[in-house]
Amino acid sequence: MVGLLAALAFWTSGPRQPLLAEGERPNVVIIFADDLGYGDLGAYGHPTIRTPHLDRMAAEGQRWTSFYSQAPVCSPSRAALLTGRIHLRSGMFGRRQGVFFQDSHHGLPDGEITLAEALGDLGYATGIVGKWHLGHQPEYRPMRHGFDSWFGIPYSNDMDWQVPPGGEARRAAMFSPSIDYWHVPLMRDDVELERPADQTTITRRYAAEAVRFIREHRDAPFFLYVPHTMPHVPLFRSEAFADRSAAGRYGDVIEEIDWSVGQILDTLREEGLGERTLVIFSSDNGPWLSYRQHGGSAGPLRQGKGTTWEGGMRVPGIFWWPETIEPGVIREIGATTDLFTTIVPLAGGTVPDDRPLDGVDLSPVLFGTGPSLRDSMAFYRMGELYAYRRGPYKVHLVTQGRYGIGTERTEHDPPLLFHLGHDPGERYDLSAVRPDVVEDLLDAVESHRSGMTVAEPLFDVRGER
Ligand code: MG
């Protein structure tokens with residue numbers, strides 16, 4: 001009897017391993033919101049936005065509280081997620097331009113290995129439903145980077161302006177309920193379906209496409225990447241979600257995204273795929289604060305999108321895989337850069353050894369078998385190292401706000417020092433009282449820099465091609 005109880009105790013509390021049979025590979029779904037802040041979900045403390053599906057996903061899985069996107073804006077963040085490499089290595093940055101635009105010439109280089117390519121080589125069906133933003137010229141689109149199918153938009157929903165640049169007219173358009181100010185196309189594979197994309201129904205249509213993809217591929221391992229168009233400003237939601245949220249139009253948009261997450265999780269449950277599918281939810285960068293109530297919230301974190309303050313890059317990170325992931329709240333450090341290096345081994349592959357990778361394998365934390373292999377995080381802006389975190393401490397070598405909030409570029413010598421455990425809002429500079437910690441971190445910065453290879457920046461070339 002005692003033996004049986006001991007066995008039961010081990011069964012209920014011991015480390016978990018995937019329930020899959022030997023040689024079986026999990027499906028993978030990555031849902032990636034655009035400009036959703038750390039504080040925008042119920043599970044992360046938002047007082048009025050209702051996110052029951054994401055909250056349930058977090059309760060059944062792991063909710064990470066120190067999870068980072070690799071960059072504070074769209075294109076570089078997506079490059080790092082799909083390649084497991086800091087974006088400087090692939091040239092996915094600019095000295096003058098932060099992202100790709102509708103007149104950009106370049107895209108993610110062919111030599112990069114994306115998660116879709118790695119999983120495709122392992123026999124996975126691969127699909128992207130959503131915003132690409134890694135180069136819209138034909139030779140850089142998702143189909144050239146390992147995806148079998150694509151339904152979505154090539155770059156941000158506020159590009160291809162139909163009003164002249166600058167001034168009040170443009171700002172007013174960003175708050176307008178009309179889709180007519182942006183000439184953004186909606187693509188299916190390499191074919192333009194409509195232009196401008198009807199953004200009011202885009203989240204609903206993404207959900208339908210994602211559900212269809214899952215049902216179509218229920219019998220084979222699949223990788224589905226769902227980088228949402230929303231809640232990037234301008235904000236749109238379908239009729240069913242209009243004026244429903246206590247948090248206004250931004251809340252409506254998040255609640256529709258939450259509904260779409262529910263559609264995906266319900267489909268996996270209905271198809272009996274829940275126990276063989278890893279689902280991850282995160283965001284490409286922090287909230288776009290200059291759009292005020294149309295931007296989200298970084299919760300207790302400082303600043304937002306475009307900055308290397310915590311609010312710019314610390315984002316929700318939710319991992320769901322029933323019966324396999326050890327449920328709980330994870331306070332260790334993880335990053336979107338770690339998804340490639342975590343997922344490829346789970347799919348039975350090995351990560352490439354012909355190039356430097358910056359991700360770690362998060363499996364020990366996901367399965368409750370050990371601590372996180374990541375203890376540091378490098379914060380780059382426009383190709384320059386602005387800040388560096390190791391353990392609870394973070395130094396800022398340079399700070400600069402964005403989009404009208406504290407935009408002056410300031411170099412710090414000595415660097416600012418914050419203890420993110422005691423002070424997640426980065427309010428109390430400790431550099432004068434802990435010069436020893438500053439010294440240690442500067443050594444770590446030097447060592448990080450010496451291992452960093454930097455390609456030619458590809459964002460700056462724009463105009464007639
Ligand atoms: Mg973004």
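**Close-up views of charged side chains**

Arg212 is partly exposed, with a relative accessible area of 40% (buried means under 20%, exposed over 50%, partly exposed in between; 1.4 Å probe, protein chains only). The model is predicted: local features need pLDDT of at least 70, side-chain atom pairs count only at pLDDT 80 or more, and totals for chains, interfaces and linings use all residues. Residues are numbered from 1 along each chain as its sequence is written, and side-chain values use heavy atoms, leaving out hydrogens and water.

**View 1. Salt bridge of Glu209 and Arg212.** The N to O distance is 3.0 Å (a salt bridge is a side-chain nitrogen of Lys or Arg within 4 Å of a carboxyl oxygen of Asp or Glu). Both residues lie in helix α6 (residues 202-216), 3 residues apart, or about one helical turn (helices are DSSP runs of H or I, at least four residues; strands are runs of E, at least two; numbering is from the N terminus). Glu209 is buried at 13% relative accessibility.

**View 2. Salt bridge of Asp284 and Arg78.** The closest N and O atoms are 2.9 Å apart. Asp284 sits in the loop between β8 (277-283) and α8 (310-313), and Arg78 in helix α3 (residues 74-83), 206 residues apart. Asp284 is buried at 0% relative accessible area, and Arg78 is buried at 0%.

**View 3. Arg381 in strand β11 (residues 376-381).** Arg381 is buried but has no salt bridge; Glu384, the nearest side chain of opposite charge, is 6.6 Å away (Lys and Arg count as positive, Asp and Glu as negative; His and the chain ends are not counted).
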